[in-house]
Amino acid sequence: MSVKPIPLRKALIPRTDPQIAAVEATVDYLDLPTSREPVAREDGVHVVVAGSEQFAAWVHALGGTVNRAPAIDGASLWTLRTETPRRADGSTVRIRVHVALVADEWVPEAFRAPAQSGPVAS
């Protein structure tokens, strides 16, 4: 039986913002994709992914609420509103995962609905 090594990434780099450290630890632990450094804001930590498959990985791993903005110039922004798993002290960190998709691009079946907000089961 072979053991798959656990990838260690940014969670090992000391961070001054504990929210970013919590999100990076979640990314590392769940092996979630990102396409750039996370950005902390008042409403949570914003993460950008590169495509629908990466977005679906976040939805599958953490669940949450998906919002699709109206298409402008043939593309729309999809946002997953979710949070880190509950920590030992009971706290969580809000996460906003974003992806820009071209109109009519493949999206996971669960999201094929009119442009509106709604919960997505995890």
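Trainee: Hi! How many bridges join strand S3 to strand S4?

Mentor: Four bridges join them. This is a predicted model, by the way. S3 covers residues 64-68, S4 covers residues 75-83, and the two strands run antiparallel.

Trainee: Nice. Which residue in S4 is the bridge partner of Asn67?

Mentor: That would be Thr79.

Trainee: And how many residues sit between S3 and S4 in the hairpin?

Mentor: Six residues. Asp73 is in that turn, and its phi is positive, about 55°, although Asp73 is not a glycine.

Trainee: Is Asp73 buried or exposed?

Mentor: Exposed, with a relative accessible area of 81%.

Trainee: Where is Asp31, then?

Mentor: Look in the loop between helix H1 (18-30) and strand S1 (39-41). Asp31 is not a glycine either, and its phi is positive at about 55°. Its relative accessibility is 43%, so Asp31 counts as partly exposed.

Trainee: Switching to helices: which residues of H2 are buried?

Mentor: H2 spans residues 52-62, and the buried ones are Ser52, Phe55, Trp58, Val59 and Leu62.

Trainee: Why do the buried residues of H2 line one face of the helix?

Mentor: Look down the axis of H2: its buried residues fall within an arc of 120°, so they line one face.

Trainee: What is exposed on the other side of H2?

Mentor: Glu53 and His60 are exposed there.

Trainee: Last one: what follows H2?

Mentor: Gly63 does, and its phi is positive, near 65°.

Technical notes: Residues are numbered from 1 along each chain as its sequence is written. This is a predicted model: local features need pLDDT of at least 70, side-chain atom pairs count only at pLDDT 80 or more; totals for chains, interfaces and linings use all residues. Side-chain values use heavy atoms; hydrogens and water are left out. Buried means under 20% relative accessible area, exposed over 50%, partly exposed in between (1.4 Å probe, protein chains only). The arc is that of the directions from the helix axis to the C-beta atoms. Two strands pair if DSSP finds at least two bridges between them.
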